[in-house]
Structures are given as structure tokens and as C-alpha cells.
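Here are a few exercises to work through with the structure open beside you. Try each task first, then check it against the solution.

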Amino acid sequence: MRLTVDGQAFDVNADPEMPLLWALRDLMGKTGPKFGCGIAACGACTVHVDGQPVRSCSLPVGEVTGAVTTIEGIGTEGKLHPVQQAWLEEQVAQCGYCQAGQIMSAVALLDQVADPTDADIDDAMGGNLCRCGTYPKIRVAIKRAVVLKTAGI
Amino acid sequence: MASIGKIARRTFLIGAAAIAGGVAVGYYYYRKPYPNPLEGNLAADEATFNPYVKIGADNTITIIAPRAEMGQGISTTLAAMVAEELDVGLGQVKVEHGPASYAYYNSAILEEGGPFAFFDESMTAEIVRAGMGVVGKFLALQGTGGSASTRDGFDKMRQAGAAARQMLIAAAAQKLGIAAADLETANGSILHKASGKSLTYGAVAATAATMAPPAEIRLKDKADWKLLGKPQKRIDMPAKVTGAPIFGIDVTLPDMLYGTVKMSPRFWAKPVKVDFSKAGKMPGVIKIVPIDTNYGHGFGIIAENTWAAFKAAEAIDTEWADPEYPLDSAGISEVLKQALGTKGSVMRDDGDVDTAFADAPREKIVEADYAVPYLAHATMEPMNATARLKDGVLDIWCGNQAPTLVRQLCANAVGIEQDKVSVHTTFMGGGFGRRVEVDYALCAALMAKETAGRPIKVIWTREEDMRHDAYRPASVGKFQARLGDDGMPVAIDMTIASPSMITSTLRRLFPSISPLGPDKSIVDGAHNQPYTIPNYRVTGVAAPVSIPVGSWRSVGSSINGFFHEGFLDEIAVAGKTDPVELRKKLMAAYPAAVKVVEKVAEMAKWGEALPAGKAKGMTFTLSFGSWVGEIVQVADTPAGIRIEKVWIAADVGTALDPGIIEAQLISGAVYGLSAAISQEITFADGMVEQSNFHDYDAMRIFQCPAFEVAILENFHKMGGVGEVGTPPAAPALANAIFALTGKRIRTLPMSKEVTFA
């Protein structure tokens, strides 16, 4: 099957039942999305399919019809996405393992709601678990990202 | 407190080994330096000064931060120690974890391993503490834990930076023909202001590294610090916001195979019947192999991708032998309760407790039974390791908290010498004590024996991870207090029974060593608190349940902080004393503790009236050398109890990076609250019942309270920060819930008794 990931086309020879996450990680070399639970309960594997956040650990690769975007496709160290920039400025990450998923959920949130309320943040981010307890900083960073996006950064 | 005589007569357990006497280890070994592990492994034109500093001719400066980065920010703070004295900016250096080496032993991890409280500065306590540091070196533990990394590194890493700087200046002085005293350093260069001449460190590194290290190392005054004491940008942050492949699970090697494990869900039990016929034929499956280690028995599945391995693991049909421990949680609780009635080790015995209770009138007695469950670590990154065994040489890539242990035990497992094993320590997606264990590395090493030299990345499912942990032990406590006429406690008697984490750890790591003496972790957080009570006894009993238990963020203090501080709140209520005033009175001999309590009370406006439906609870725990007070505010909402706000005041002695310390204190509290609210590991049919985040969840963003943190530096010794936020969190919540509802929660998790919003 043919997949578009981070703007690049991949020919993937996989069991269609294989979750998108493992196709990305093991077959396409995209290790940005992380394995946390395998049952869509922690959000570490969050990627976008046609701009919508999905839990790639529970989405069979055979069912993927749209373009996939991972953390590796939204920005690079030289040119960060405003959400990544906000994460950097607020020094959000501790162990960092969940943050690729947190950032992808936050990017999707800000694409849909330009200036989210605390309740919007709770709704959009509630599926992303962080065992280091970085939630207070995640909240502040999302608000900073709003400012950075508005400023065109 | 224990006398030197008592200590000489008994043995006590430290870390992963039993050392008779503790003070008897020869200083010869302590004085003898380990060789620099960076030598012989340098890039062209690179010079090394000591195990912590490498400088290339192109002025690339590399600092070795030999402690595991699991989110606590240690790589940044350790690098800052060296950079401070080397006079370079953090943005100017590369930071590496470095190889597994005895040169990177952690002495501080064991310093508090003796039977003394942190504040006990008697000669006996200090002698044992120094002896423990020697033991740390003697055992050459390169470990990350005990919130000890900054305390361990503070002198030796600053000295490493200062020594290298002095050597670089000496080499520059020689080259320029200018007296060393006339040279200055800044940003990786040596300057002669008068002539304007300058040399980069790189230009003189090769010469400097051949010079004798300075006999006298001059360290900067604290007032002159440029990096330390100020929040630094974490060196790992750019990689962590871009999804860079920095974790063990991201390791990718040419020709790599993938795998997973299916270990016995009954600890230590062997398979009695197994059928591979279905699993072995599944697409992508290469081989299924037995795995037998000191952690237990099971199978490794070698496959072409992780998913194929996971599917095959599910399809293996096995029956396992019966467990050696009680089948279910009720049976385990019974063993713990029975242990409470047996003879234990008295770890604190002030005054005469028996006499104090003998004539106590009934109305002056406060009694309570407490209990906490087993807990899993549930790091975000499931256990994994990548291994390659080729031409008799084993390479292991994994996040781990103890590289020298990984090296030693993996060498033993595959039957090669330790010098044929290289451990490549990656960043960790959480540790919390779980990655002190080496089971994930052993599994990968054994599976690498079966792949004809191809590397294999072995990733556990979340279910396998949840069901094969070295759990925080369950524990039960029986407490009694006698109040005086003023409501203050005149006597406290605490007995705590729990499986011994030291005994359990030895069985896994060093089965040839017999556990001797009491396990102080059973009473840590209860026996060593800075309260003065005339009659004060704390007894620990090791309960014989062999489910694997280990270090879980803050270890014994996570249990006993809850027990001690919950019970103290009950004493305050019974004696009609304000909980803050009660603690200030009992702590009067320890001004640092009093200041912490005063500070947190002031921040939270303790004592001011709250609107109806809101309440606060307070606690204090001294652990890992830091004095921490926490106040939790809860609110009654239609959806249940909401944790609104947490105030934390912590005296860490010297605050090396206030930004990272604040993040750690909040992190520790969230970890403790997560457990308090809903976490428990229970057993049925000899197996762990929980399997994933749907039945072992943690706090989510919508449950997370606001935090306010104050960092104090009153005490004259430095404390740790990675674990100290955890112990006061659960009791502060329990005390707040009591203030709100009148319901006293003595058993965790709290979700069994109240509903949370």
C-alpha cells in the first residue's frame, strides 16, 4: 500500500491489520510517534491523518486513507512549529516521552480553535497522559503558542 | 537514635548489598582512583582531562554527565557543575552520558543508607555516613537514584571542571610565555588582557591534558556563579520537542530484528505446558526462545517487526505453575496483618513507650490502622532494550538507572566477560526507580544469542510491563498515640509491616548474597522525621510475600509519609491543635523544618476562612535530605472532589537550578497524587489484575491542580529533589478531604471511598 507521511510517499508492505504506529516506526523509520499503551489510552502515539488527531497505535494501517503527519513533519530544530517553540520557551518536557503526542494534540487543537479556553484545553488534551506531571506547563505553553501563532511565528 | 555500639553489633542493609558493620571498609580502596574510561576511546585530536571532560582541537567541549536522564533534568545540572568551573556556557558544550564505568560510582546514593535521620549530625552518624560513601565507591555503583545525583556530583564535577581549567591555563601560559596568574578564561578561551592575546581551549587541550592535575583545586565562591543557582535552558529540550530518536525504544540499527517477551504472569513460576504451534507459524515470526533469568521464566519472540512479535506472544498457549505466594490480594493482606503481630526491628526508640502507654486513660489514646497497596511504576516508555551479540562482544542499548549492573548481569547471562560488554545508555521515557532493574536488558541479551549476530530490539507490551514490575510494596501500619493534657502527643508507637524491598532486590540481582539485618526502607519516612516526642517508637517488620518489589519514586517515604502525616493529622484533630501549630511545636529543635512549615502556611494563607465547600490539608516530610511541606486545597463539586491547588515549600539546602527543582517538586506531587487517587496493583489467581492505563490510570490534565512552589536554602546540607515532592502529597490530600468531609481516609487508593471530579 502507498502512504503519504510528512509529505513523503512510502510504499509499505504490511499486514493491513498492523497499527499505523508500528508501520511508521518499524517500516518507515518514523520513530517520533511513541508506543505507550496500544489501546488508545495514553496519546503518546498521536499523529494527524488529514489534520485530525488520531491514536496511531489503534488505527490499522490498511484503514488509513489520508495524508499522515507526525511530530517529525511539523517542524525541525531550525524551524520549529509555534507549538514546539512554545514548548521550548516554557521548558515543558521532563522525560519527554509523551511530548510528541502532547504537541500533536495541541497543534490539532489550535488548528481548530484559535484561542482555546481552559475547558477547550482540558477536552483536547485529556487523552494525553504525562507521568512526569508537566500539565501546568503544557497549559501555559498552549497559551503561549496562541500568542506566537498570532504574531506569525 | 542508634549508638555506634548497636551498629557494630548488627548489620544493616544498604542499596543492593549487605555490608557487615558498614564502617569497616578499608580506605585504601577509597583513595585509589579508577582509571579514566574516556582514555582509549577518544576521537582524533581529542584530549581528556578526567572522566568528565573531553576537549577537541576544534574547541568542541564535551562534558560527561554519567547519571541517567529520565526527565529530572540531571544532565543539564551536572553539565552546569562542570561548565561553571570550566568557564564555558551550557550552549557551548556537548553533553554525553558516557560509558558504563566504575569511575562514575555514586557515593551519595548510599550515604543516607545508615540507620540515622538526615538531621542527625552526631559523630556516630557522620562516621557511618562517611563509611557509606566509601562503600558506594567500594561497590562502584554507577547508579541514578536516591535523589543523590547532585549531592554526589556537586564537589567532584565542579572539581573536574576547575582542574581542567587550571591545566588549560597552565598550558596556555607555557605556550604564550605569560605567567598563569595573568591569564583569564571566558567562553572556552584563555585571554591575556594586557596584550590582547588569546587561545581557545582546543588549541592547548592536547598539551594541557598531559600536564599533572593541580595539587590544589580552587573552586568559585557561590557569589561568583554564572550558571549554578540560576534556571538553565535544559540541554535535552530541543530533541524532546522535535520527536528526535533519543529513547531506547527509538534505537535503530542496520539489519535489526524485533521482538517481545511473554513472561510468566505468576512471578517465579515456570511454564508447565506450552504450545507454540499457532504462534510459531504466524507471518513475520522468526523464532520463539525460552527465557530464564533471576526475574522469572517465559519466552522471547523474535520477529521481523514489533507487531508480528506482539501478535505471536498473544497466540502462545501456556499454562504456568502455581505461585509461591498467596493467590489473591486478600491472602496477601492477611500475611501483612499477621506480620504486624510478629517481632520486628525497632528503628527509633526514644523515651519509654511501653511505660507511657501503660497508665494512659482511654480518652487520651488515638489509634488507627493504615494500609497502602502495591503500585506499578508505569513509566510512559514501556520496558525495552536492544542487543547485539556478535563475535563474542555484546552491545546493549537501553535507558537504565544502573549501567554497571546492566553490564555485569548481562555478561553473566550470556556467559562472557564484562569487558566484552558495552552499555549504551539512552534517555529514558520515565524511570521512577523502575529502570534500576535490569530485566529488560537481560531479556534482550538472551534473545541476541539466538539471532546469529543480528541486533534485536525487544519491546514489551504495556500489559507485560504492568504485570512484570518490581512494585512499590504494599504496607500496613498500626499506630497509637497518647495525648497530654495540652493535646500534644507525649507518646507515639508505630508498627509498619511490608515485604522487604532489599530482600526482593537481592533475589533478582545478587541471589548469592543473603539479606542480613533490618530493611530500613520499611520505616523510611516514619522513623526519621524531625519531630521531638518524649516517647517515640517506630518498628518495621518484613512480611514474607515474595512478589517482586523495588524502588518506586521516594521508596519507603511514599508509604510512610502517608502513614505518619495522616496519623499526625488525627492527633491534631483529637488534641484540638491546629495541624500547622502542632508541627511547629514538635519541630522546634529543627529551625529549617519550622521555616518550611511557616512558609507553606503563609503561601496558602493557612488559617484564613475559606468559602463553604472548600478545605485544606497540610503535611511535612523530610526525605532524601530535603525538607518539604505541602498544602492541598480541595473543593466539593457536583462531579466529586476537585483538587484545586497545591502549595509546596521545600528547603533543599543549595538550589542548583531553581527551574528544574520547581518542575521536579510539582512532578513528584503529581506522581504521589496520581497514586493516591486511584492506583493499586491487585492480585487474583496469582497474577496482577491490572494491565494498562484503562485500569491503572494516572492524573490527567483536567484533574491537575494549580501549583505554587517556594524553594528555601536554610539548611546547611544539600538535599535531593527528584523524589521529595511525592511523600507529602497523598497525606495532604487525605487531610484536606478530612477537613472537607469529616471522612478520614486511612487506606489507599482514595477512589474506593470518595469520588473525584
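**Exercise 1. Two helices in chain B**

At roughly what angle do the axes of helix α6 (residues 149-176) of chain B and helix α7 (residues 201-210) of chain B cross? Work out how the pair is arranged and who touches whom.

*Solution.* Keep in mind that this is a predicted model.

- Step 1: In general, two packed helices are described by the angle between their axes and the distance between the axes.
- Step 2: The axes of α6(B) and α7(B) cross at roughly 95° and come within 8 Å.
- Step 3: Angles from 65 to 115 degrees count as roughly perpendicular, so α6(B) is roughly perpendicular to α7(B).
- Step 4: On the α6(B) side, look for M167(B), L168(B), A170(B), A171(B), A172(B) and K175(B). They meet Y201(B), V204(B), A205(B), T207(B) and A208(B) in α7(B).
- Step 5: Sorted by class, this contact has 9 nonpolar, 1 polar and 1 charged residues.

**Exercise 2. A second pair in chain B**

Describe how helix α18 (residues 579-586) of chain B packs with helix α19 (residues 591-603) of chain B.

*Solution.* 

- Step 1: Get the geometry. The two axes cross at roughly 165° and come within 9 Å.
- Step 2: Name the arrangement. Angles over 145 degrees count as roughly antiparallel, and therefore α18(B) is roughly antiparallel to α19(B).
- Step 3: List the partners. From α18(B), V580(B), R583(B) and K584(B) meet V594(B), V597(B) and A601(B) of α19(B).
- Step 4: Classify them. The contact of α18(B) with α19(B) holds 4 nonpolar, no polar and 2 charged residues.

**Exercise 3. Over to chain A**

*Solution.* 

- Step 1: The axes of α2(A) and α5(A) are 8 Å apart, and the helices pack at an angle of about 130°.
- Step 2: Roughly perpendicular stops at 115 degrees and roughly antiparallel starts over 145, so α2(A) is oblique to α5(A).
- Step 3: The crossing of α2(A) past α5(A) is right-handed.
- Step 4: By class, the contact between α2(A) and α5(A) has 7 nonpolar, 1 polar and 3 charged residues.

**Exercise 4. Sizing up the chains**

How does the radius of gyration of each chain sit against the globule rule?

*Solution.* 

- Step 1: Start with chain A, which has 5 helices and 5 strands. Along the sequence, chain A reads β-β-α-β-β-β-α-α-α-α.
- Step 2: The rule gives 15 Å for the 153 residues of chain A, and the chain's radius of gyration is 15 Å, so chain A is as compact as a globular protein of that length. The C-alpha trace of chain A spans about 40 × 30 × 25 Å along its principal axes.
- Step 3: Now chain B, with 21 helices and 29 strands. A compact globule of 757 residues would have a radius of gyration near 27 Å, and chain B agrees at 27 Å. Its principal axes give a span of about 85 × 75 × 55 Å for the C-alpha trace of chain B.

**Exercise 5. Where the chains meet**

Which element of chain A gives the most residues to the side that touches chain B?

*Solution.* 

- Step 1: Count the contact: 49 residues of chain A touch 49 residues of chain B.
- Step 2: Find the elements giving two or more residues on the chain A side: α1 (20-27), α2 (82-89), α3 (99-112), α4 (118-125) and α5 (135-150) of chain A.
- Step 3: The most comes from α5(A), with 4 residues.
- Step 4: This side of chain A divides into 27 nonpolar, 15 polar and 7 charged residues.

Notes
Residues are numbered from 1 along each chain as its sequence is written. Chains are lettered from A and ligands numbered from 1 in the order in which they are written. This is a predicted model: local features need pLDDT of at least 70, side-chain atom pairs count only at pLDDT 80 or more; totals for chains, interfaces and linings use all residues. Axes are lines fitted to C-alpha atoms, for helices over the stretch in contact, and angles run from 0 to 180 degrees between N-to-C directions. Angles under 35 degrees count as roughly parallel, over 145 as roughly antiparallel, 65 to 115 as roughly perpendicular and the rest as oblique. Two residues are in contact if their C-beta atoms, placed from the backbone, lie within 7 Å. Ala, Val, Leu, Ile, Met, Phe, Trp, Tyr, Cys and Pro count as nonpolar, Asp, Glu, Lys and Arg as charged, and the others, Gly among them, as polar. The radius of gyration is taken over C-alpha atoms; the globule rule is 2.2 Å times the number of residues to the power 0.38. A crossing is left-handed if the near helix is turned anticlockwise from the far one by less than a right angle, and right-handed if clockwise.
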